[in-house]
Amino acid sequence: MKTKCLQLIYLFLCSFLLCCVLSSVAWAQDSSQAETAASTPWWQIVTGILAIPAAIFGVPSAYWLSQKARLETRKLQIEILEKEGKSVS
């Protein structure tokens, strides 16, 4: 289940990155926007293209890691209570 979910996320990110690259190429080729694209440094364009997929990947992974940490913390709490002989709620 997890691997299928990760594969879907990977496929989505790859397709999104491809769309971003293709749209930026089409935008740069537009004659009315040629002056704007020429005045913008290349590294700003590349940074903008890479930032969106990185954020799309980063937000869900941060959420999943926080959930994992929360569950592991709860598991440790239960183990400590069991070792102390207290009831687990």
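**View 1. Phe-12 is a partly exposed residue of helix H1.** Phe-12 has a relative accessible area of 45%, so it counts as partly exposed (buried means under 20%, exposed over 50%, and partly exposed in between, with a 1.4 Å probe and protein chains only). Its helix, H1, covers residues 2-29; helices (H or I, at least four residues) and strands (E, at least two) are DSSP runs, numbered from the N terminus. Look across to Ile-56 as well: the C-alpha atoms of Phe-12 and Ile-56 are separated by 9.8 Å, although the two residues are 44 apart along the chain.

This is a predicted model, in which local features need pLDDT of at least 70, side-chain atom pairs count only at pLDDT 80 or more, and totals for chains, interfaces and linings use all residues. Residues are numbered from 1 along each chain as its sequence is written, and side-chain values use heavy atoms, leaving out hydrogens and water.

**View 2. The whole chain reads α-α-α.** Here you can find three helices and zero strands. Of the 89 residues, 7% are buried. Mean pLDDT (the predictor's confidence in each residue, from 0 to 100) is 77 for the chain, and 63% of the residues score at least 70. Where pLDDT is low, the predicted coordinates should not be read in detail.

**View 3. Trp-42 belongs to a nonpolar surface patch.** Trp-42 lies in helix H3, residues 42-84, and is exposed, with a relative accessible area of 64%. Together with Trp-43, Val-46 and Leu-50, Trp-42 forms a patch with about 480 Å² of accessible area. Patch members have over 30% relative accessible area and no salt bridge; like charges are joined within 9 Å, and nonpolar side chains (Val, Leu, Ile, Met, Phe, Trp, Tyr) within 5 Å. Areas come from the Shrake-Rupley method with a 1.4 Å probe, and for residues only the protein chains shown count as cover.

**View 4. Glu-84 and Lys-86 meet in a salt bridge.** Their side chains come to 3.6 Å, N to O; the rule asks for a side-chain nitrogen of Lys or Arg within 4 Å of a carboxyl oxygen of Asp or Glu. By this rule the count is one. Gly-85 follows H3 and has a positive phi, near 85°.
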